[in-house]
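Dear colleague,

I am handing over the structure we spoke about, and below it you will find what I noted while going through it. Please read the notes with the structure open beside them.

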There are 2 protein chains.
Amino acid sequence: MPIKQISIIGVGLIGGSFAKGLKARKHKAKIFGFGYSEHKLNRAIELGVIDEFSLNIKEAVKNADLIMVAVPMGSFKKVFQQIKPFIKQDAIISDAGSSKMSVIKAAEDAFGKKFTNFVPAHPIAGKEKSGIEATDENLYEQHKVILTPTKITDIKAVEKVTNLWQLLGATVIEMLPQEHDEVLAASSHLPHILAFALVDLLAKQKDLPNVFDFTSGGFKDFSRIASSDPTMWRDITLNNSTAIIKWLKNYQTELTKITTMVEQNKENELFQLFNHAKKTRDKHVLKKEKAKP
Amino acid sequence: MPIKQISIIGVGLIGGSFAKGLKARKHKAKIFGFGYSEHKLNRAIELGVIDEFSLNIKEAVKNADLIMVAVPMGSFKKVFQQIKPFIKQDAIISDAGSSKMSVIKAAEDAFGKKFTNFVPAHPIAGKEKSGIEATDENLYEQHKVILTPTKITDIKAVEKVTNLWQLLGATVIEMLPQEHDEVLAASSHLPHILAFALVDLLAKQKDLPNVFDFTSGGFKDFSRIASSDPTMWRDITLNNSTAIIKWLKNYQTELTKITTMVEQNKENELFQLFNHAKKTRDKHVLKKEKAKP
């Protein structure tokens, strides 16, 4: 069965860029938006992000063959419960949430443990800006999208979701949900928390009222992710808390080790550690940067 | 007495940009370079960084009215000892080291506790690239330079050093050496160590061999300073160890607090902390960025 209507629940940066990318690549489905702001949804039509919209979630999902839920981590449970009575029997539901175990749990709670058409997904892409004005039809080009199907997920539903992301230029990878949550806790959630923690710590120092006057480019880059949306990051943190707590503790162990090296003036060990970090980053992150168009 | 010769010990990014900036602004002094590589020093002349050079440190300093020592933190002690027999009696010595207490100690050890012409200085500027090819006559424009004169430092020497930095477009600020080392430990040295620590930690995980394949823009920026020179950062860390150990411990306390919030699902506290960090960074760091030309 071809996909005739795709409904986007949450037409922000992530959901809107998904929609806009499909329209820009002439996907034949009608792209239908749902949100709370008529003004923003009208802008979404003007910007070529969606074809139609409704402020009524029933109207938005009742004819959808595929529903992309791109809402904050804290809202999945509510949205799944809201759409459940109105979805077509064979509708595929996917998402764009930053942690997967908790979204899978929310889907199970709403649709039941036998619902095979939920395809958990996480596109590894973003921008500093959010919202409809920041949407970008090429946001996912050369980015990874991780799908985390469970034991019961229908393979045809996975294929359809995969095809859409590939049409947008993304590389689709499959992982176990737990594995995804571990990897993302380490590579994304932990650094965000570390950056928030440093800025919060410095901001509280009454002895050093002007400390931010003496920060330079290094601090600016390091702390950029501390300018991220605090509600979004609270929700991500609490929705992936098991993996995040583990990584926070691993990181504390690493810092304790480094502190001991400094206390004991261990020149060689400190050099080896810094050098290992530099070489690893140069190899993996600089390389990736250079490979980008 | 006018400054007729300025000698730069270490014609890299920092010392070379200081030299090039003075020449570009038509300072009347002869700019003399010292280093170990004839090839690089010839390039420095070609690039308009210095007027002359010597590979012999005696020749480089014997006629200098002002000596700028811009060497790695681990080399100050040796350089001060080397130049001591050859400097003119009234020569002013200044530096560009990232921590000040240890450089002051090295100067005292070499020149004696009664030497009043050492002006400890730290320009808060840099680039990812280092070396002579990266020198930039405008590197210090609109950047801060912190001078940390001690109780015995001659006020006229401080004035002369101040004038040179101001000629380069920098804003000169005076601080106590201890205060400088505290502020820089918090605003620069700690974030560098935190970035090295995260990359080292992730690189060691055998369970997550592909973790760097899933990093995104946030990680790239956060970890950029982990691509810094490991020798330089080992030396900075060990030369400012007291303040750095203190800040590492403060940061650990902050992380322990956050871990507890996550473990106890403290939504409001976590939001407040992230929000405080975001607001602080937006106010101090984004504002500063916008003020730049």
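In chain B of this predicted model, strand β4 (residues 66-69) is joined to β5(B) by 4 bridges, and the two strands run parallel. Within this pair, B:I67 stands opposite B:I93 of β5(B). Leaving aside residues up to four places away in sequence, B:I67 touches B:S7, B:I9, B:V61, B:I83, B:I87, B:A91 and B:I93.

Helix α6 (residues 155-167) of chain B deserves a separate look. Its 13 residues should span 18 Å at 1.5 Å a residue, and this agrees with its end C-alpha atoms, which are 18 Å apart. Which residues of α6(B) are buried? They are B:A157, B:V158, B:V161, B:L164 and B:W165, and because they cover an arc of only 125° around the axis, they lie on the same side of α6(B). On the other side of the helix, B:I155, B:K156, B:E159 and B:N163 are exposed. The buried residues of α6(B) pack against several elements of chain B, including α1 (13-24), β5 (92-95) and β8 (144-147). Just after the helix, B:G169 takes a positive phi of about 90°.

Turning to the two chains together, the largest nonpolar core has 188 residues, and those with the most contacts inside it are A:I8, A:I67, B:I8 and B:I67. Where the chains meet, 78 residues of chain A are in contact with 78 residues of chain B. On the side of chain A that touches chain B, at least two residues each come from α7 (177-203), α8 (217-222), α9 (230-239), α10 (241-263) and α11 (267-291), with α7(A) giving the most, at 19 residues. By class, that side of chain A has 41 nonpolar, 22 polar and 15 charged residues.

With best wishes

Key:
Residues are numbered from 1 along each chain as its sequence is written. Chains are lettered from A and ligands numbered from 1 in the order in which they are written. This is a predicted model: local features need pLDDT of at least 70, side-chain atom pairs count only at pLDDT 80 or more; totals for chains, interfaces and linings use all residues. Two residues are in contact if their C-beta atoms, placed from the backbone, lie within 7 Å. Ala, Val, Leu, Ile, Met, Phe, Trp, Tyr, Cys and Pro count as nonpolar, Asp, Glu, Lys and Arg as charged, and the others, Gly among them, as polar. A nonpolar core is a set of buried Ala, Val, Leu, Ile, Met, Phe, Trp, Tyr and Cys residues joined through C-beta atoms within 7 Å. A residue is buried if 20 or more other C-beta atoms lie within 10 Å of its own, exposed if 12 or fewer, and partly exposed in between; C-beta atoms are placed from the backbone. The expected span of a helix is 1.5 Å times one less than its number of residues. The arc is that of the directions from the helix axis to the C-beta atoms. Two strands pair if DSSP finds at least two bridges between them.
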